[in-house]
Amino acid sequence: MDKRMERRFFLRTAAVGTVVSVLGGGVYALASPDDPRGRQLRPDGRTRLPPGQRLLDALKPMGGEPGDPSPSAFRLKVYGEVDAPFEVDFAGLLAMPQVEQSCDVHCVTGWTMLDSRWTGVRVADLAERARVRGSARYAIFEAAEGYTANVPRAEALAPNVMVAHRFFGQPIPRPHGPPVRAIVPDLYFWKSAKWLRAIRFARVDEPGYWETRGYHNHADPWKEERNG
Amino acid sequence: MGEGPPAGAGAGRGGGRGAVRGALRAVHRDLGHLAVGLTLVYAASGLAVNHIADWDPSFRSFDRTHDLGGPIEGDDAAIARSVAARLGVVGTPKDVYRAGPEQLDVVYERRTLHVNPVSGRVVDEGQEPRFLLRAANWLHLNRGKKAWRYVADAYAAGLIVLAGSGMFLVGGRRGLFGRGGLLVLVGAAVPIAYVAWSGGP
C-alpha cells in the first residue's frame with residue numbers, strides 16, 4: 001500500500017512538473033511581439049524572419065564561457081593560410097576602416113532580433129590585410145576558453161560579416177562578448193563568436209564547439225540547419 | 001540504489017543465481033551512492049541548459065544607468081575612482097580604458113562601468129553567476145580542465161553499469177521477464193520512436 005502511494009505521489013509530482021515546465025516555455029514564446037517587419041522580403045527574396053523563428057526586441061543572453069572583457073588586454077590575431085599574419089590591439093582595431101550596419105540576427109533556439117546595429121571592421125578588410133591565400137577555404141573564429149566556430153570562406157568574407165565592438169552605438173554588453181565579437185548575420189548566431197580572439201583561415205574544415213556537439217555544420221536559418 | 005540485502009543474500013534460495021544477484025545488488029548499491037553527486041550535477045545542469053532558449057543558465061545579467069549630474073573631472077584613474085565611490089562599487093578595477101573623449105570603460109571582474117566623463121552618464125552592467133548552476137554547467141559542458149573528461153567518462157560508464165545491474169536486481173514477475181522487461185522496452189522505445197517520428201538526424 002505504502003509503495004503504491006509512493007508511486008502515485010511520484011507520478012503526480014512528475015506530471016505537475018512537466019506541465020509547469022511546458023507552460024513556462026509557452027508563456028515566454030507567447031510574449032514575443034508580432035512585428036510586420038518579419039514578413040518583409042530581403043533583397044535575396046527570402047523573408048526577414050526565417051522559418052521556425054519568433055521575434056524578440058532585444059538580444060537575449062545565451063550564456064557561454066566569458067572571456068576577458070578588458071579592451072587593454074584585447075588582441076585579435078589573423079593567421080593561418082595567409083601571407084601576412086598580424087595581430088591588432090583594441091586601439092588598432094578602432095583605427096581600421098569602420099563600418100556601421102543594421103542587420104537581423106537569428107538564434108538557433110528560435111528567436112530573431114531585427115535591425116540590430118553593430119559597429120566594427122569587416123572581416124573582408126582583415127582578410128585583405130592578412131593577404132589570405134587562395135588555398136584557404138574556411139575561416140575559423142577562435143574565442144575565449146577554446147570556443148570556435150567555422151564558416152566557409154565565401155560567407156566569412158561577405159560584406160555584412162564583421163568583428164564588432166559596438167552595439168547600438170554603445171560598447172558591447174558583458175553577456176554578449178565584449179570587447180569584440182564576430183557578427184555573421186546570415187548564419188545562426190552561434191557562428192558569431194563572442195569574446196573573439198582570433199580569425200584563422202584554414203585549408204580544411206574544422207567543425208567548432210557546437211558543431212561537434214550535434215549542431216549543424218553550416219547553420220543556414222532559412223534552411224533550418226539547426227542540428228547536424 | 002536503495003539499501004538491499006548484503007551480497008550473497010538469497011544464495012540459499014536460488015543457489016548460484018542468487019549469489020550473482022546479491023553481487024549485482026552490492027555493485028548497484030555502491031555505484032548508485034557514488035553516482036548521486038554527479039547525477040545531481042548533470043541533471044540540474046541538463047534541465048538548465050535544455051531551457052537555454054528561455055534564460056541564461058549560468059549568469060544573471062544586470063544593466064543600470066546612472067546620471068552623476070554633469071562632467072566628471074580628473075585623469076582617467078581619478079574619474080574611475082570618483083565614479084566607483086559615488087556608485088558604491090568596491091574592489092579594484094582590472095582595466096581602465098579610454099576608448100574616446102566620451103567613453104571611459106572601467107572593467108571589474110563581474111561588471112563594467114561605461115562612463116561618459118563629459119555628461120556624467122554611467123552605464124553599470126555585468127553578470128552574476130547563478131548559485132551552483134554556474135559550476136554545474138561549466139562541468140556539464142566540459143569547459144573545465146581536460147582531466148574532467150576522464151571523470152565524465154567514468155561517470156558515463158558507471159551509469160551503464162547501473163542500468164545493466166538494475167535490470168537483474170529483481171526476479172519473478174516484477175523482474176526482467178515481467179513488468180521490468182516491459183518497462184525496459186518502453187524506455188528503449190521512446191528514443192527509437194522519436195527518431196522515427198522526427199525523421200532523425
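Student: Is A:Asp220 buried or exposed?
Tutor: A:Asp220 counts as buried, because its relative accessibility is 8% (buried means under 20% relative accessible area, exposed over 50%, and partly exposed in between, with a 1.4 Å probe and protein chains only). The model is predicted: local features need pLDDT of at least 70, side-chain atom pairs count only at pLDDT 80 or more, and totals for chains, interfaces and linings use all residues. Residues are numbered from 1 along each chain as its sequence is written, chains are lettered from A and ligands numbered from 1 in the order in which they are written, and side-chain values use heavy atoms, with hydrogens and water left out.

Student: Which side chain meets A:Asp220 in a salt bridge?
Tutor: The partner is A:Arg46, at 3.7 Å from N to O (a salt bridge is a side-chain nitrogen of Lys or Arg within 4 Å of a carboxyl oxygen of Asp or Glu). The pair links distant parts of the chain, 174 residues apart: A:Arg46 is in the loop between helix 1 (2-30) and strand 1 of chain A, and A:Asp220 is in the segment after strand 11 of chain A. Helices (H or I, at least four residues) and strands (E, at least two) are DSSP runs, numbered from the N terminus.

Student: And how does A:Arg46 count for accessibility?
Tutor: A:Arg46 counts as partly exposed, because its relative accessibility is 26%. Its charged end also sits over the ring of A:Trp222, 4.2 Å from the ring centre (this requires NZ of Lys or CZ of Arg within 6 Å of the ring centre and within 35 degrees of the ring normal).

Student: Which residues are linked with A:Arg46 in a network of salt bridges?
Tutor: The network consists of A:Arg42, A:Asp44, A:Arg46, A:Asp186 and A:Asp220.

Student: What forms a salt bridge with A:Arg48?
Tutor: A:Asp104 does, with the closest N and O atoms 2.8 Å apart. A:Asp104 lies in strand 4 (residues 99-106) of chain A and A:Arg48 in the loop between helix 1 and strand 1, so the pair ties together parts that are 56 residues apart in sequence. A:Asp104 is buried, with a relative accessible area of 11%, and A:Arg48 counts as buried at 12%.

Student: How many salt bridges are there over all chains?
Tutor: The whole structure holds 21. Between chain B and chain A the count is two.

Student: What does B:Arg134 pair with in a salt bridge?
Tutor: Its side chain meets that of A:Glu65 at 2.6 Å, N to O. B:Arg134 lies in helix 4 (residues 133-140) of chain B and A:Glu65 in the loop between strand 1 and strand 2 of chain A, so the pair joins two chains. Both residues are buried. A further salt bridge runs from A:Asp68 to B:Lys94, whose closest N and O atoms are 3.4 Å apart.

Student: How many residues of the two chains are in contact?
Tutor: In chain B, 29 residues are in contact with 31 residues of chain A (contact means heavy atoms within 4.5 Å). The two chains bury about 2500 Å² between them, 49% of it on carbon and sulfur atoms; buried area is the accessible area (1.4 Å probe) that two parts lose on being put together, summed over both.

Student: What is A:Pro71 in contact with?
Tutor: Leaving aside neighbours within four places in sequence, A:Pro71 is in contact with A:Phe90, A:Pro179, B:Asp95, B:Tyr97, B:Asp105 and B:Val107. A:Pro71 is found in the loop between strand 1 (54-56) and strand 2 (75-80) of chain A, and is buried, with a relative accessible area of 4%.

Student: Which aromatic pair is tilted?
Tutor: One such pair is A:Tyr147 and A:Tyr209, at 5.6 Å centre to centre and 35° between the planes. Both are buried. The charged end of A:Arg213 sits over the ring of A:Tyr209, 3.7 Å from its centre.

How values were computed:
Rings of Phe, Tyr and Trp (its six-membered ring) pair if their centres lie within 6.5 Å; planes under 30 degrees apart count as stacked, over 60 as edge-to-face and the rest as tilted.
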